[in-house]
Amino acid sequence: MIIMSEIWHPLLLSLKVASLATLFSFLFGVYFAWYMARRKGGFPAILDALCTLPLVLPPTVLGYYLILVVGKRGVLGSWLDSVGINLIFSWQGAVIAATIVVFPLIYKSCRAALEQVDNRMENAARTLGASEFRVFITVSIPLAWRGMLAGLMLAFARGLGEFGATLMIAGNIPGKTQTLALAIYDAFQGGNDLRATVLVLITSGLCIVVLVGSEQLIRRRVHA
Amino acid sequence: MLKVHLKKEFTQNERVFNLDVNFEIQKEDGMCVLFGSSGAGKSLTFQGIAGLYTPDEGFIQVEDTVLFDSANKIFVPARKRRLGYMFQDYALFPHLTVAQNVAYGKNGYFVHYIRQELREKVMDVLELFSIADLAPLYPYQISGGQKQRVALARAFSIDPCLLCLDEPFSALDPLLRHKVRSEVQTMLSSQKIPSLIITHDPEDVQFFADTLLLFKDGQVKTIRNFRKYKETGTHITQLLLNLLQGTDSET
């Protein structure tokens, strides 16, 4: 027996969390990619490694770091607590966790896409009087958007399935912070195999749709 | 009128290239052609004049404006140099129409939208280059010769104080090249904007050069008045070869 809200709730929450996480990560990711695409050497190399780190660290480690930062006694958390904001065990906490986890995917693909932009186009814009920011907005991004969007979709798919860091920060509160991945684990643990199966199929289907879409975007070439 | 002294060490794939060019051109020198084999530093010289990199040391002055002076820490950024730079293979923006490409230099952040008074100016420029009918087309929809005109029109559009044309004809097929040369010649002489042309085609030299700047190994080897060859139609390929090998004794 499945209760519909037990399916709907995790699904909508996951979509919400993944969308917001992708959006926030995109804003930071594009900025970092822009900054890094034009710099080489010591400090940028370390920054690059830091930006990629969430891709290889176990999500639990990320969750632990996040608790150190935004937890009640954390660096930022104690200040947030004093103004009445508590991110632990909230869906906003899940957004933060997912943002960190998907960041490398967005950063890497944006950077690769920006580095592939023909440098002469950007130089042409410069000689025509465009500022660095205008070059970026009006030339670099339009020529790189395909690769960027593909990265965004990959990140969205990854965000949908985020488990480890979300569990550590937001916990597993049904109807409040229980995302798809957590609901599956919960249903399986509780012996509710039907519910687990339905959730697994929904998650897989969603991810396949997103990945096929992103692959299509990468494959299609822009006319030169 | 134009004073250029550029020094920079480039390293690419562990190969070091030293650019060290030094030349001065006056109004009466007319059309200047930068000639030399590939990798002699011609394009790097243009990029230096345009401010697309920071030279190790040097000095650049166009008319009365100092664009770069390492001794006095002056570096005018590329966007403020007002140089009409036509790139090799044109570098037209593929996501913008011909009109939007030509409008880019005077447009804002919404490059797809051209406001009314700018539209009129753009149409004037397009008409000047007889490409007004191409205005709504994208670069991939037009021919090589048309792209060349659009690129030239775009370089003109910012009222440049100096035109730098980097191999303007190399992407055209030989017959078209012949035709376009005279068109460009007419255009340049009617606009009276000082121009530099990069080429490694002796025919371009023959056709355009009032003054020849010979590039070799990152340096300007010789600067010569070439008017007499242009006027008499003397065949210059051998002369250019001799100049490159340094066996020419004529002064």
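This is a predicted model: local features need pLDDT of at least 70, side-chain atom pairs count only at pLDDT 80 or more; totals for chains, interfaces and linings use all residues.
**The interface**

The size of an interface is often given as the accessible area lost when the parts come together. Here, about 2,100 Å² is buried between chain B and chain A, and carbon and sulfur atoms give 67% of that area. On the side of chain B, the residues that lose the most area to chain A are B:Arg79, B:Tyr104 and B:Tyr109, which together account for 31% of what that side buries.

The table lists counts for this interface.

| Item | Count |
|---|---|
| Residues of chain B in contact with chain A | 25 residues |
| Residues of chain A in contact with chain B | 21 residues |
| Residue pairs in polar contact, both at pLDDT 80 or more | six residue pairs |
| Salt bridges across the interface | zero salt bridges |

Sorted by class, the side of chain B that touches chain A consists of 16 nonpolar, six polar and three charged residues.

**The nonpolar cores**

In soluble globular proteins, nonpolar side chains tend to be buried together. In this model, the largest nonpolar core has 47 residues. Within that core, B:Val205, B:Leu212 and B:Phe226 have the most contacts. Helix α4 of chain B, residues 144–156, supplies the largest share of the core, with six residues.

What does B:Phe226 touch, leaving out residues up to four places away in sequence? Its contacts include B:Val205 and B:Leu212, along with B:Ala209, B:Asp210 and B:Thr211. B:Phe226 also touches B:Ile236, B:Leu239, B:Leu240 and B:Leu243.

Another core, of 46 residues, lies apart from the largest one. Among its residues are A:Val139 from chain A and B:Leu34, B:Leu52 and B:Phe87 from chain B.

Definitions and conventions:
Residues are numbered from 1 along each chain as its sequence is written. Chains are lettered from A and ligands numbered from 1 in the order in which they are written. Side-chain values use heavy atoms; hydrogens and water are left out. Contact means heavy atoms within 4.5 Å. Buried area is the accessible area (1.4 Å probe) that two parts lose on being put together, summed over both. A salt bridge is a side-chain nitrogen of Lys or Arg within 4 Å of a carboxyl oxygen of Asp or Glu. A polar contact is a pair of N or O atoms within 3.5 Å; within protein, one must be able to donate a hydrogen and the other to accept it, and residues adjacent in sequence count only if both atoms are side-chain atoms. Ala, Val, Leu, Ile, Met, Phe, Trp, Tyr, Cys and Pro count as nonpolar, Asp, Glu, Lys and Arg as charged, and the others, Gly among them, as polar. A nonpolar core is a set of buried Ala, Val, Leu, Ile, Met, Phe, Trp, Tyr and Cys residues joined through side-chain atoms within 4.5 Å. Buried means under 20% relative accessible area, exposed over 50%, partly exposed in between (1.4 Å probe, protein chains only). Helices (H or I, at least four residues) and strands (E, at least two) are DSSP runs, numbered from the N terminus.
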